[in-house]
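Let's walk through this one together, question by question. Have a look at the picture first.

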Amino acid sequence: MSEYLLCLILFSIGLYCVVRKRNLIKIIIGIGIMEYAANLFFVLAGYRKTGRSPIFSADQQVLNMVDPLPQAVVLTAIVIGLALTLLLVAVSIKIYEKYGTFDITKINKLKG
Amino acid sequence: MQLVPYLIIVPLVAAFLIPIAGKRMKDIPPVLAACASFTLAILSCLIAAAVITCKVAVYKVGNWPPPAGISMVADSLSCLVLVTVNTVAFLVAVYSIDYMKKYTDTWKFYALFSLMLAGINGVLVAGDIFNLYVFLEIAAIAGYFLVAFGVEAESLEAAFKYAVMGAVASVFIFLGIGFLYSYTSTLNMADMAAFMTMNNSPELVVFVSVLFLMGFGLKAALVPFHSWLPYAHSQAPAPVSAMLSGVSIKVLGIYALARIFFNVFGFSHAISSILITLAVLSMLVGGLLAFGQTDIKRLFAYSSISQIGYIALGLGVGTPLAIFGALFHLVNHSIFKSLLFLNSGSIEEISGTRDLGRISGIISKEPVTGYTNLIAAFSICGMPPLGGFWSKLIIILACIQANRPVLAFIAAIVSILTLAYYFRALTPALFGKEKGEGGSGQKAGWAMAIPMVVLAVLAIAGALLIVPSSANGAHILLKDAASVLTNGKNYAMMIMGAM
């Protein structure tokens with residue numbers, strides 16, 4: 001149970017960071033933290049107590065193993081997160097070139 | 001059905017070949033992108049024709065039987081949206097040949113465009129929920145890049161805001177999938193629906209529904225989650241706006257929402273009332289905010305929010321007639337909203353500005369853009385006998401039939417509101433006296449004119465979708481698509497039966 005609570009706290013930290021921080025880079029870090037929390041949750045969903053890694057071998061019998069599917073899913077999600085982070089960092093570098101600041105409140109050429 | 005995977009393979013191959021060819025030869029990427037989207041349009045028509053008779057086509061990836069293996073599913077609902085999406089995408093690709101000439105490094109645009117198309121088609125044929133998420137992310141990330149394509153200060157800002165909000169939405173969707181998986185131990189949507197029928201857990205459904213409403217609601221730009229849309233859709237290059245507004249918000253938002261809520265969870269009273277609330281808010285807020293806009297693309301963007309409200313209203317009311325109207329409006333809106341955004345691109349080229357106060361006399365300067373814009377605006381305002389009139393009429397009638405006169409009244413009022421703001425904005429722009437200031441005054445080339453004319457013809461022909469006759473394949477497809485949603489959880493049985 002405590003690990004799920006930690007997961008929730010991690011998620012809340014990330015969400016707080018995205019909502020409250022004014023620096024573009026800190027917002028990107030916040031998104032990263034949220035993604036990690038979501039990934040952690042997914043891996044925890046596949047965790048079994050005293051389970052071992054789900055590798056089949058002829059000489060031993062596997063009785064209790066963790067669910068391998070969340071691990072595969074999370075691997076994909078990490079790659080997606082990487083692409084997203086890359087995009088956000090590239091855009092914020094360009095924004096810095098144009099606006100000369102990382103402060104989100106000063107990046108306001110769009111109105112309405 | 002062996003054709004289904006090509007819907008994803010073709011655009012992915014195009015996205016791979018374009019960068020290889022594009023660095024040396026400038027003329028190849030536009031042709032490749034147009035060819036790929038043309039192939040997709042033909043493919044989706046072929047699949048739709050097959051699905052009209054056999055109802056559902058399932059492709060097992062690598063021949064692994066579901067639910068363990070990944071499956072691709074094309075049912076009537078997917079096919080209806082597939083045909084719309086790929087037709088619009090082909091016309092947009094042709095339009096870009098001319099329009100994108102003013103940008104540098106256009107091969108990047110075409111590669112990202114193909115990638116986005118692969119993502120959108122992937123969402124439509126995904127048979128399991130995690131594939132749906134992955135393709136949704138492919139389409140969304142390609143979309144963020146495309147919004148920033150101009151690399152001007154404004155478009156970068158719009159892309160950053162869009163990407164941050166989209167990323168938060170994606171995390172919510174991913175968490176929702178995590179909760180669903182930990183309860184059902186499966187990712188296959190049909191299997192999940194069958195499991196949920198047997199072991200229903202109302203608490204879980206409520207919690208996951210909220211996560212999905214936040215996630216997909218943001219992708220669909222329903223009102224509390226709409227703030228990114230006017231920025232992103234107004235700052236992107238015109239073909240990208242047309243794709244985002246015409247196709248992307250519907251597939252990534254409305255289609256995914258409908259698929260999960262109707263076919264996996266089963267439609268409930270709570271979901272219905274939440275959808276109706278969001279829909280009414282979207283219709284009113286989008287419509288009212290559109291009034292104050294001076295930028296032509298922002299006006300169209302706010303009107304997208306308002307029209308998405310109509311689609312969500314139809315889905316929320318949930319009677320067969322309302323769902324039919326919602327899907328009909330979805331098809332119509334894809335056609336005329338992409339036409340409006342393509343028009344805005346050539347209007348910007350003719351008059352050198354997007355400011356409605358300074359655009360004037362488009363019809364006399366350039367009749368093709370002017371008249372197609374007029375047709376699109378008539379259709380979105382609901383002028384009979386254009387497609388937009390019938391779909392709005394069906395939604396309003398369905399509200400009355402479902403004994404919700406207040407909703408019908410609001411839908412009618414918003415329709416008048418739509419007419420009012422389009423009339424106010426476009427009358428001076430289209431008919432006003434020529435001021436002759438600014439802009440290149442340059443006429444749209446054939447590659448820009450033909451897609452606009454074809455879309456205008458489609459906007460008129462959209463009305464034919466409601467003609468019930470056994471020869472009218474489009475009507476049968478639309479009716480079948482509505483019945484896929486009306487039948488709700490029978491989706492599981494239908495897919496299992498086809499395997």
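**Salt bridges and the A–B interface**

Lys101(B) is exposed, at a relative accessible area of 62% (exposed is over 50%, buried under 20%, partly exposed in between, with a 1.4 Å probe and protein chains only). This is a predicted model, where local features need pLDDT of at least 70 and side-chain atom pairs count only at pLDDT 80 or more, while totals for chains, interfaces and linings use all residues. Residues are numbered from 1 along each chain as its sequence is written, chains are lettered from A and ligands numbered from 1 in the order in which they are written, and side-chain values use heavy atoms, with hydrogens and water left out.

Q: Which residue does Lys101(B) meet in a salt bridge?
A: A salt bridge here is a side-chain nitrogen of Lys or Arg within 4 Å of a carboxyl oxygen of Asp or Glu. For Lys101(B) the N to O distance is 3.4 Å, and the partner is Asp98(B).

Q: How many residues apart in sequence are the parts that Arg22(A) and Asp103(A) tie together?
A: Their side chains meet in a salt bridge at 3.0 Å, N to O. Arg22(A) sits in the loop between helix H1 (2–20) and helix H2 (24–45) of chain A, and Asp103(A) in the segment after helix H3 (68–99) of chain A, so the parts they tie together are 81 residues apart (helices are DSSP runs of H or I, at least four residues, numbered from the N terminus).

Q: Which residue is linked with Arg22(A) and Asp103(A) in a network of salt bridges?
A: Side chains of opposite charge can pair when their charged atoms come close. The network holds Arg22(A), Asp103(A) and also Lys106(A).

Q: How many salt bridges does the rule find across the interface of chain B and chain A?
A: Over all chains, the count comes to twelve. Across the interface of chain B and chain A, though, the number is zero.

Q: Which helix gives the most to the side of chain B that touches chain A?
A: In contact (heavy atoms within 4.5 Å) are 33 residues of chain B and 38 residues of chain A. On the chain B side, 20 residues come from the top contributor, H6(B).

Terms used:
Helix = DSSP H or I, 4+ residues; strand = E, 2+ residues; numbered from the N terminus.
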